[in-house]
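Please look over the entry below before reading on.

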Amino acid sequence: MCLSNFDSLDSKEVFRWFSELSKIPRESGHEKEVSDFLVKFAKDRGLEVYQDKENNVIMKKKASSGFENVKPVIIQGHMDMVCEKTKESKHDFRKDPIELIVEGDILRANDTTLGGDDGIAVAMGLALFDSKDIPHPALELLITTAEETGMDGASAVTAEHLDGKTLINIDGEEEGIFLVSCAGGLNTLVSFDIKKEANSNDALKIEVSGLKGGHSGIEINNQRANAIKVLGRLLYAVKDDINIACIEGGAKHNAIAKHADAVITAKDTGKVQKIIEYISNNIKAEYRVEDPDMKIIVSKADNVKECYSKELSSNVIDFIMLSPDGVLYMSRDIDGLVQTSANNGVLKEENNKLIFTISIRSSISSSSNEIALRVEAAAKRTNADYQRTSEYPAWEYDANSKVKDIALNAYKKITGKDAKIEAIHAGLECGILKKPLADVDMISMGPNIYDVHTPKEHLSISSVDRMWKVLKELIINIK
């Protein structure tokens, strides 16, 4: 990426730091290198800095002249990113830098996720802390780890090194929308012990691909196809005639599954193939609007010497059909807001087990618990093991919040347009951070970022520029 493209922008330093971040691998669970980079940034500038055992980083900057009596403001985001790529890409997220591409107002990556979620928060924070001429109250930059895989970093945060009474989370993905509430959630893990037997039948491979996928919270209301569920429907139609040899689908618990495939065995593969192709045409017709590029390919598979037992095959197929998925309940309080959803995110074989990861979100804890119980019931019916993990609380709306009005005024002043206060059907770290920071007034914001958690992820350069100006306006008006 040529940084000269940004010379005329007020946010040129934001993009410079984003470019630097993009050179550092920061897959969830592998953030040590980028965490150390942040610590070095702070130390090089003589800033107070803390790094905890989860590699979360807190750095502090003293107030500029005239703001000494204003309570500190916390700027918050996460350093990790979802690592998705196209099938053609040879990118290695553990060592290769993200290749940034500018196309007009768009910044994207070359066949991988961009990392705008949430590298843009880190870049804005670094630009603020590196600046010598932006007026501001005392600032605290809190950058967490493992947000994309369960918010484990945020769960480890305490109030020990944080004095701020206002927190600005920069993990939003729609300009002009200020978030004041979010869904809580949990993951359910359902596992089957894999028992295989010798196979003497012919075999077929079924591949579901070409789906849009997307963020399982923000984009769940688009009713896009889930490849795991599509594959389950195909297998259910021929359940009595087949055994599964292997099966997998999806990549991340919080991404709608874009691909899934299975190898199956059957005495009469011709009959099975005809049924699957017939059902495939119906499913593709159903999703012709949401997923017009859906592909379902059935081909011959060779050298399949083992397969699941008949009982295990039937139980797996039944579970896929029974497992809740997609939008389940809409909010009664906020028009158009998804209240409760489930996402069949990942299906994989590991250590002689077939493991399903199903992500559940809800703004009402009793509702998410109900869906978890439905998953548990389906698991029991199909002789599978069940476990709840990675539970995180909802961020409840605070009618007395002062920062929301300051944010609305700041956006109006910078853009001349009215912003909106909304809730979101996705987990934000604000929900978790509210526990140790109970008396902190919080808001979440961000620029326009599109197709997050997919290789098509891209952001609007002009939107980043506007929201950078809004951030600066916001922090100087917090009293």
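How does the radius of gyration of the protein chain, with 479 residues, stand against that of a compact globule? In this predicted model the protein chain has a radius of gyration of 24 Å, which agrees with the value near 23 Å that a compact globule of 479 residues would have.

**Overall form**

- Taken along the principal axes, the box that the C-alpha atoms of the protein chain fill is roughly 80 × 45 × 40 Å.
- The secondary structure of the protein chain comprises 11 helices and 23 strands.

**Domains and their interface**

- The protein chain is divided into domain 1, made up of residues 3–183 + 396–477, and domain 2, which covers residues 185–392; the C-alpha centres of domain 1 and domain 2 are 34 Å apart.
- On the domain 1 side 22 residues are in contact with 26 residues of domain 2, and the area buried between domain 1 and domain 2 is about 1,800 Å², with carbon and sulfur atoms giving 61% of that area.
- By class, the side of domain 1 that touches domain 2 consists of 10 nonpolar, six polar and six charged residues.
- Across the interface of domain 1 and domain 2 the rule finds zero salt bridges, whereas three residue pairs, with both residues at pLDDT 80 or more, are counted in polar contact between domain 1 and domain 2.

**Backbone geometry**

- Most residues other than glycine have a negative phi, and most peptide bonds are trans.
- The peptide bond from Asp-117 to Asp-118 is cis, with omega near 10 degrees, and Asp-118 has its place in helix H3, which spans residues 116–130.
- Asp-111 is not a glycine, yet has a positive phi of about 65 degrees; Asp-111 lies in the loop between strand E5 (106–109) and H3.

Conventions. Residues are numbered from 1 along each chain as its sequence is written. This is a predicted model: local features need pLDDT of at least 70, side-chain atom pairs count only at pLDDT 80 or more; totals for chains, interfaces and linings use all residues. Side-chain values use heavy atoms; hydrogens and water are left out. Domain bounds come from an automatic or database domain assignment. Contact means heavy atoms within 4.5 Å. Buried area is the accessible area (1.4 Å probe) that two parts lose on being put together, summed over both. A salt bridge is a side-chain nitrogen of Lys or Arg within 4 Å of a carboxyl oxygen of Asp or Glu. A polar contact is a pair of N or O atoms within 3.5 Å; within protein, one must be able to donate a hydrogen and the other to accept it, and residues adjacent in sequence count only if both atoms are side-chain atoms. Ala, Val, Leu, Ile, Met, Phe, Trp, Tyr, Cys and Pro count as nonpolar, Asp, Glu, Lys and Arg as charged, and the others, Gly among them, as polar. Helices (H or I, at least four residues) and strands (E, at least two) are DSSP runs, numbered from the N terminus. The radius of gyration is taken over C-alpha atoms; the globule rule is 2.2 Å times the number of residues to the power 0.38.
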